[in-house]
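Hi,

Here is the structure I said I would pass on to you.

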Amino acid sequence: MRFEELQVWKRSARLSSQIYRYFRNSKDFGFRDQITRSSLSIPSNIAEGYERKSDREFANFLSYAKGSSGELRTQIYIGMEIDYIDKATGKGWINESEEISRMIASLMKIKLEKK
């Protein structure tokens with residue numbers, strides 16, 4: 001199996017793409033950079049961990065991805081509060097990032113139990 005086949009990677013990469021497209025014309029470079037980086041960090045850490053040699057290392061990178069998911073949700077909440085993100089879009093992204101976070105937690109549990 002390849003990381004590209006993992007549903008959690010596919011969903012997080014799709015979410016990151018949506019966020020990049022949404023903010024491509026934003027003039028607030030600091031906010032745009034931060035939210036796009038946290039979204040990109042999720043699938044990137046899943047992929048990097050998958051390519052590591054051990055389940056333990058994979059679980060460690062999954063932990064980074066899960067942390068980035070929380071960071072992303074925080075930025076979405078703030079973006080909605082300051083009217084950078086419309087409420088419907090933001091709520092959809094929050095729901096998706098929460099589901100991704102649950103998927104990551106489940107995968108971490110599986111990898112850590114294989115020890």
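Predicted model: local features only at pLDDT ≥ 70, side-chain atom pairs only at ≥ 80, totals over all residues.

Let's begin with helix H2, which runs over residues 29–50 and so has 22 residues by the DSSP assignment. From its first C-alpha to its last it reaches 31 Å, close to the 32 Å expected at 1.5 Å a residue.

Which residues of H2 are buried? They are Phe31, Ile35, Thr36, Ser38, Ser39, Ser41, Ile42, Pro43, Asn45, Ile46, Ala47 and Gly49.

Ser38 sits in helix H2. Why does Ser38 count as buried? Its relative accessible area is 2%, and the cut-off for buried is under 20%. The side chain of Ser38 makes a polar contact with the side chain of Gln75, at 2.6 Å. If you leave aside its neighbours within four places in sequence, Ser38 is in contact with Ser68, Glu71, Leu72 and Gln75.

The other one, Ser26, is in the loop between H1 and H2. Is Ser26 buried or exposed? Ser26 counts as buried because its relative accessibility is 16%, and the limit is under 20%. A polar atom of the Ser26 side chain lies 3.2 Å from the backbone nitrogen of Asp28. Ser26 and Thr36 are 10 residues apart along the chain, and their C-alpha atoms are separated by 11 Å.

Now for the core. The largest nonpolar core has 25 residues, and the ones that touch the most other members are Val8, Ile35, Ile46, Ile76 and Ile104. Each of H1, H2, H3 and H4 supplies at least two residues of this core. Which helix gives the largest share? That is H4, with seven residues.

Apart from its neighbours within four places in sequence, Ile46 is in contact with Leu6, Val8, Trp9, Ser12, Phe58, Leu62, Ala65 and Ile104. Two of those partners, Val8 and Ile104, are named with Ile46 among the residues that touch the most other core members.

Cheers

Notes:
Residues numbered from 1 in each chain as written. Heavy atoms only, no water. Helix = DSSP H or I, 4+ residues; strand = E, 2+ residues; numbered from the N terminus. Expected span 1.5 Å × (residues − 1). Buried < 20%, exposed > 50% of the residue type's maximum accessible area, 1.4 Å probe, protein only. Polar contact = N/O pair within 3.5 Å; in protein donor to acceptor, adjacent residues only side chain to side chain. Contact = heavy atoms within 4.5 Å. Core = buried A, V, L, I, M, F, W, Y, C linked by side-chain atoms within 4.5 Å.
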